[in-house]
Structure formats: structure tokens, C-alpha cells
Amino acid sequence: MARAGMERWRDRLALVTGASGGIGAAVARALVQQGLKVVGCARTVSNIEELAAECKSAGYPGTLIPYRCDLSNEEDILSMFSAVRSQHSGVDICINNAGLARPDPLLSGSTSGWKDMFNVNVLALSICTREAYQSMKERKVDDGHIININSVSNLRMWPRLSSMSSALPRTSSIFPLTWERGCGQKEGFRQPSCTPTPAPQGWGGREKP
Ligand SMILES: NC(=O)c1ccc[n+]([C@@H]2O[C@H](COP(=O)([O-])OP(=O)(O)OC[C@H]3O[C@@H](n4cnc5c(N)ncnc54)[C@H](OP(=O)(O)O)[C@@H]3O)[C@@H](O)[C@H]2O)c1
């Protein structure tokens, strides 16, 4: 008989990007609490290792597997998917959470700041989406999820972060594209995009722009 609710996700694998703090760490913890195997990635892998130890001592039924990955480097991302494939078969849920908002407005910001934002907010999200989708497809996973954590900056401009709106075209362009390919062709995975309400920990620990 099919397992109901979150029970059916037990022992399935979720990838959470940006799991070293903030929303990503909270999501990773919640999934481990529900019995999933979670690969949590970020550059500050020591934070994820601490969280993994916390989850273990709390007796949560799932496991958190820390993975050091610089999402602005495609080779790092591809190595991570390859390691997941060889060690755990593949990704069933991909949560594209990692993102950054640099104070680099369109009219005065630095090009390097824009590149950093595009590399993580757009390119890494696209690469992870493609790799997760291919992983689900080759294993005939028909209930996979790709979830993009979005930003209200998509919908309105912040004076000191104006370039971020263009660095976060997550719902405006990427979402309909994957929706069309994924659900339109009935390939059996969903890609909701989540635009958060104000986060409990604030604006990544920084002053709101
Ligand atoms: N907090 C809010 O109010 C708010 C509002 C709107 C949208 N959001 C969105 O929600 C998501 C999470 O926000 P948050 O506030 O939790 O952010 P946060 O606390 O600043 O955490 C960002 C995460 O992204 C990771 N990251 C950044 N650059 C990376 C890179 N090059 N490679 C790998 N990981 C990288 C960071 O890990 P390392 O630095 O360790 O690599 C960290 O784990 C973001 O996409 C953000 O745009 C948040």
C-alpha cells in the first residue's frame, strides 16, 4: 500500500542548496526530521557538519550529508550530482535555496557583484534544475520535486538592490519554462516556486535594504 503524507518520502534523497545557514539550514533540518536523506551543500561546510551532528543527537530518523560545493563553479555542481548518483542513486527533491543579494544597484554597482549574483541565483539554479531533472528522468522518478526559493525582489524594486531583481528571474522566466517542459509534457515532476514571507531570521542577518 502506498505510504501517506511525508511518510512516503522516508529514505528518499533531497538536495538542499545553501544549507549552511538561514532558510536552507531550517529546510534541511525539517526534512531530516521527516526521515529523508538530505544532501546539504554550501561553501561553509563546517556549519552543515554541525547541523548534521545536531540532527543526529536529536535522534531524527533521517540523515544530513554535508557537501562542500561552490555553486558559482559548474564543475563543483556536476561533481556533487555525480557523487550523489554514485553513492545514493540520485536526487528525488531539489530545493534551490542558495541565493545572494549584493548591494550592487544597476546604476552604480560593481560588475563582479552582478556576476556573483547571476552565477548563484540564475546559473547554479538552472544547472541544478537540469541535473536534478535528468536524475529523476533516468531513474523514472514520477513524483520528484524541484522547488525554487524565490524573492519578493522579483516583484518590486529595492533602491539599494535594484540589480537583484534582474538576478532573480526565478519565477518570471525559469519557472514557466520548466513548468511547460515538466508538467506540460506530463513528465511527472512538479516545480513550484516559493516566494517567502519575511523570514524569521531576517534578511540573511543583514539590515533590510
Ligand atoms: N531572508 C529573507 O528575508 C529572504 C527574502 C527573500 C528571498 N530570500 C531567498 O531565500 C534564500 C535563502 O535566504 P537566506 O536569508 O536564508 O540566505 P542566507 O542566510 O544569506 O544564506 C544563503 C545561503 O546560500 C549559500 N550560498 C551563497 N553563495 C553560495 C555559493 N557560491 N555556493 C554555495 N552556496 C552559496 C550560503 O552558503 P555559504 O556562504 O556557506 O556558501 C548560505 O547557505 C535565498 O535564495 C534568498 O534570495 C530570502
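I began with helix α1 (residues 22-33) and helix α2 (residues 45-57), which pack at an angle of about 30° with axes 11 Å apart. The model is predicted, so I note that local features need pLDDT of at least 70, side-chain atom pairs count only at pLDDT 80 or more, and totals for chains, interfaces and linings use all residues. Residues are numbered from 1 along each chain as its sequence is written, and side-chain values use heavy atoms, with hydrogens and water left out.

Helices here are DSSP runs (H or I, at least four residues), numbered from the N terminus. Axes are lines fitted to C-alpha atoms over the stretch in contact, and angles run from 0 to 180 degrees between N-to-C directions. α1 and α2 are therefore roughly parallel to each other (angles under 35 degrees).

Next I looked up the residues that meet. From α1 I list A25, A28, R29 and V32; from α2, L51, E54 and C55 (contact means heavy atoms within 4.5 Å). By class, this contact of α1 with α2 has five nonpolar, no polar and two charged residues. Ala, Val, Leu, Ile, Met, Phe, Trp, Tyr, Cys and Pro count as nonpolar, Asp, Glu, Lys and Arg as charged, and the others, Gly among them, as polar.

Then I turned to cavities. I found one of 30 Å³ or more in the whole structure. On a 1 Å grid over the protein atoms alone, a cavity is a set of points where a 1.4 Å probe fits but cannot get out; lining residues have an atom within 4 Å of a point. The largest cavity has a volume of about 60 Å³, the space filled by probe spheres set on the points, with grid points joined across faces, edges and corners. Eleven residues line the largest cavity, and the closest to its centre are T17, N96, A98, V120 and L125. Helix α4 (residues 111-138) gives the largest share of that lining, five residues.

Notes:
1 Å grid on protein atoms, 1.4 Å probe; cavity = no way out; pocket = protein on both sides within 12 Å on 5 of 7 lines; lining within 4 Å. Helix = DSSP H or I, 4+ residues; strand = E, 2+ residues; numbered from the N terminus. Parallel < 35°, antiparallel > 145°, perpendicular 65-115°, else oblique.
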